[in-house]
Amino acid sequence: QVQLVESGGGLVQAGGSLRLSCAASGRTFSNYAMGWFRQAPAGKEREFVATINWNGRATYFAEFVKGRFTISRDNAKNTVYLQMNSLKPEDTAVYYCALERAYPGLGSKQEGSYDTWGQGNQVPVSS
């Protein structure tokens with residue numbers, strides 16, 4: 001049974017920084033790509049934020065986070081990170097990490113490419 005456990009969320013002021021972590025167990029983590037998605041309040045759809053391929057050498061970001069967020073992974077720790085800088089109130093959302101289905105994992109912006117999801121982490125950004 002694959003599990004993803006997220007940590008690091010919490011209230012932050014606009015302009016501040018936060019790092020989310022996602023620890024994986026139950027699968028050979030280093031073979032698979034990881035992604036971060038988010039879902040804003042008020043019934044908005046979940047949207048792609050960032051993805052990183054299996055060896056960490058390729059990353060892709062949504063336009064609205066380019067230059068502010070970075071994604072990285074430590075395969076020795078089975079953990080992927082999302083470093084969020086210069087946060088804005090519109091970044092307020094529940095953030096989810098996800099593990100891509102394909103092997104080897106090249107990374108994907110499509111939600112349907114992922115078959116395992118973390119529990120979600122609230123990130124409220126105050127103005």
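**Exercise 1. A charged pair on the chain**

Is Glu63 buried or exposed? Decide this from its relative accessible area, then find the partner of its side chain and treat that partner in the same way.

*Solution.* The model is a predicted one, and the values below are computed from it. Glu63 has a relative accessible area of 61%, and because the threshold for an exposed residue is over 50%, Glu63 is classed as exposed. The next step is the partner: the side chain of Glu63 meets that of Lys66 in a salt bridge, with an N to O distance of 2.7 Å. Lys66 has a relative accessible area of 46%, so this residue is partly exposed. In general terms, side chains of opposite charge can pair when their charged atoms come close.

**Exercise 2. The salt-bridge network**

State how many salt bridges the structure holds, and work out which residues are linked in a network.

*Solution.* The structure holds five salt bridges. Begin with Asp91, whose side chain meets that of Arg38 in a salt bridge at 2.9 Å, N to O. Arg38 belongs to strand β4 (residues 34-39) while Asp91 sits in the loop between β8 and β9, so this pair ties together parts of the chain that are 53 residues apart in sequence. The side chain of Asp91 also meets that of Arg68 in a salt bridge, here at 2.7 Å, N to O. This second pair likewise links distant parts of the chain, since Arg68 is in the loop between β6 (59-61) and β7 and Asp91 is in the loop between β8 and β9, 23 residues apart. For burial, Arg38 and Asp91 are both buried, and Arg68 is buried as well.

**Exercise 3. The disulfide and a neighbouring strand**

Identify the cysteines that form the disulfide, derive its handedness from the torsion, and then examine the surroundings of Thr116.

*Solution.* The structure holds one disulfide, formed by Cys22 and Cys97, whose sulfur atoms are 2.0 Å apart. The torsion about the S-S bond is about 60°, so the disulfide is right-handed. Cys22 is in strand β3 (residues 18-25) and Cys97 in strand β9 (residues 93-100), so the pair ties together parts that are 75 residues apart in sequence. Cys22 is buried at 0% relative accessibility, and Cys97 is buried with a relative accessible area of 0%.

Turn now to Thr116, a residue of strand β10 (residues 114-117). When neighbours within four places in sequence are left aside, the residues in contact with Thr116 include Cys97, Ala98 and Leu99, and also Val2, Leu4 and Arg27. Thr116 is buried, its relative accessible area being 11%, and its side chain makes a polar contact with the side chain of Asp115 at 3.2 Å.

**Exercise 4. Backbone geometry in the loops**

Find where Asn78, Ser86 and Pro104 are placed, and describe the backbone feature that each one shows.

*Solution.* As background, most residues other than glycine have a negative phi, and most peptide bonds are trans. Asn78, in the loop between β7 (69-74) and β8 (79-84), has a positive phi near 55°, and with a relative accessible area of 25% this residue is partly exposed. Ser86, in the loop between β8 and β9, has a positive phi near 50° and is partly exposed at 41%. Pro104 is placed in the loop between β9 and β10, and the peptide bond that joins Tyr103 to Pro104 is cis, with omega about -10°.

Terms used. Residues numbered from 1 in each chain as written. Predicted model: local features only at pLDDT ≥ 70, side-chain atom pairs only at ≥ 80, totals over all residues. Heavy atoms only, no water. Disulfide = S-S within 2.5 Å. Helix = DSSP H or I, 4+ residues; strand = E, 2+ residues; numbered from the N terminus. Buried < 20%, exposed > 50% of the residue type's maximum accessible area, 1.4 Å probe, protein only. Polar contact = N/O pair within 3.5 Å; in protein donor to acceptor, adjacent residues only side chain to side chain. Contact = heavy atoms within 4.5 Å. Salt bridge = Lys/Arg side-chain N within 4 Å of Asp/Glu carboxyl O.
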